[in-house]
Amino acid sequence: MTAGGRPAGDGRRLRELDVLRGFALLGILLVNAELMAGPYTVSGGGPGAPAPDRIAAWLVSALVATKFSLLFSFLFGYGFALQTRSARHAGADFAPRHLRRVLGLFGIGLAHAVLLYPGDILTTYAVLALVLYGLRGLAPRTALRLAAGLIAGLAALLLGYGLLIVALTDPATAGEHAPRAAETLAARRGGPARVPAEHLRELPSAFATALLYAPNKLAAFLAGLAAAKTSLAQRRGRDRAWLRRVVVRWLPVGLAGGVLSACCTNGPLDDRWFLAGKAVAVLTGPALAAAYACGLLLLLDAVRPAVAGFLAAAGRMALTHYLTQSLVLAWVFTGYGLGLYDRVGSAAVLLGCLALYAAQLALGARLAARTRYGPAEWLLRTLTLARRPGRPEPACGSSRRPQDEPRPVP
């Protein structure tokens, strides 16, 4: 039984997952904003930048980068298992439903990449969701072993290549590998017509980066799939002793890895150590992501229930919030609006993100009180079910009500 008294595995939407998804939106926002604000924002602007900017960028790299995308990917895998179970309970054929959802997600992601942010993750999720479908029959233990192998393999690849760069690159020329603002500055600050053209130019490199880190995302998918198959959220979501053990065991590992990774990617080590730092982030990121998730569930019992309500409301409409974040950031930093690309430091970006996230929580709670779906969720659900979301499922020998079916999640 869950804490709410209903049987575990009945297919209902799990509040704990929505809370974690709403929380993960903050980390996604912080990382994407640093990348969209300018070529030097991620590194804090270099040695000559103000100390607050260097500190803000360093903290985002150490505590946020990689960790929240892993948490989001884990929740995607968990949601996939719930959707599989829901289709089975409803007597529906899951394969065509899943294919329609993947195509819809890919289409939304491609439009997002071209119009707003070429570093879009939805297209990657759509492709990996097809791989996950093929692996859906794996036993939980096998899925976890495969996930561990993917993480170890990617970390070894990055570390090996990174150490080769360290050995063969002259430290005096390391800075030459830093991104140059002049290449994209005019296009990003130009008129609205120039922004999509610049995004199209960047898509090949963005897709190449997504392909490189795809094993990391797939590993998180598999971990979420395994967790759902063992009903982890239902069994452990309110088990304070178990949650506390996870935090105590993995938080030090994750923090140590985050600090080492940030030292390689944001200083004091030079640019030659960038890939080595990424290897450390891949290897230790899951530990910090798990500690964050369990720590948040522990804290929610100690704070006002309204806090969990705000996070859960945002998590229910995570796709809408994700796209809204990109829309606001594109308006602020590109020629769509203010054109502040490469004109705002990391500290100001960080503060702006916190303000935007707070506004999203407040407005999202009001929207969730009025409707079950955000606009993007409504569109994706319509494409997935090939019908309007408000219409009931055809009777297929199941007594489950349509409202008991878990909502698709990004």
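Helix α4 (residues 94-115) has 22 residues. From its first C-alpha to its last, α4 reaches 31 Å, close to the 32 Å expected at 1.5 Å a residue. The expected span is 1.5 Å times one less than the number of residues in the helix. Helices here are DSSP runs of H or I with at least four residues, and strands are runs of E with at least two; both are numbered from the N terminus. The model is predicted: local features need pLDDT of at least 70, side-chain atom pairs count only at pLDDT 80 or more, and totals for chains, interfaces and linings use all residues. Residues are numbered from 1 along each chain as its sequence is written, and side-chain values use heavy atoms, with hydrogens and water left out.

Buried means under 20% relative accessible area, exposed means over 50%, and partly exposed lies in between (1.4 Å probe, protein chains only). In α4, the buried residues are F94, R97, H98, R101, V102, G104, L105, I108, G109, H112, A113 and V114. These buried residues pack against α3, α5 (122-134), α8 (194-212), α14 and α16 (375-385). Contact means heavy atoms within 4.5 Å. The N-terminal end of α4 is capped by D93. A side-chain oxygen of D93 lies 3.4 Å from the backbone nitrogen of A95. A polar contact is a pair of N or O atoms within 3.5 Å; within protein, one must be able to donate a hydrogen and the other to accept it, and residues adjacent in sequence count only if both atoms are side-chain atoms.

One of the partners of α4, helix α16, holds E377. E377 is buried, at 5% relative accessibility. Leaving out residues up to four places away in sequence, E377 touches R316, M317, A318, L319 and T320.

Salt bridges were examined next. A salt bridge is a side-chain nitrogen of Lys or Arg within 4 Å of a carboxyl oxygen of Asp or Glu. Side chains of opposite charge can pair when their charged atoms come close. The whole structure has 5 salt bridges. One of them joins R238 and E16, with the closest N and O atoms 3.5 Å apart. R238 lies in the loop between α10 (232-236) and α11, and E16 in helix α1 (residues 15-37), so the pair ties together parts that are 222 residues apart in sequence. R238 is partly exposed, at 48% relative accessibility. E16 is buried, at 15%.

Other salt bridges lie within a helix. In α1, D18 and R21 are 3 residues apart, about one turn of the helix. Their side chains meet in a salt bridge at 2.9 Å, N to O. Both D18 and R21 are buried. In α8, E198 and R201 are likewise 3 residues apart, about one turn of the helix. Their closest N and O atoms are 2.7 Å apart in a salt bridge. E198 is buried, with a relative accessible area of 5%, whereas R201 is partly exposed, with 48%.

Backbone geometry was then considered. Most residues other than glycine have a negative phi, and most peptide bonds are trans. T66 has a positive phi, near 80°. T66 sits in the loop between α2 (51-63) and α3 (67-90), and is buried at 17% relative accessibility. D342 also has a positive phi, near 65°. The loop between α14 (318-333) and α15 (346-370) holds D342, which is partly exposed, with a relative accessible area of 29%. A cis peptide bond joins G267 and P268, with omega about 15°. P268 is found in the loop between α11 (240-266) and α12 (274-300).

Helix α2 gives the largest share of the patch, 3 residues. L59 lies in α2 and is partly exposed, with a relative accessible area of 39%.

Helix α15 holds L354, which is partly exposed at 41% relative accessibility. L354 and L29 are 325 residues apart in sequence and 8.9 Å apart in space, C-alpha to C-alpha.
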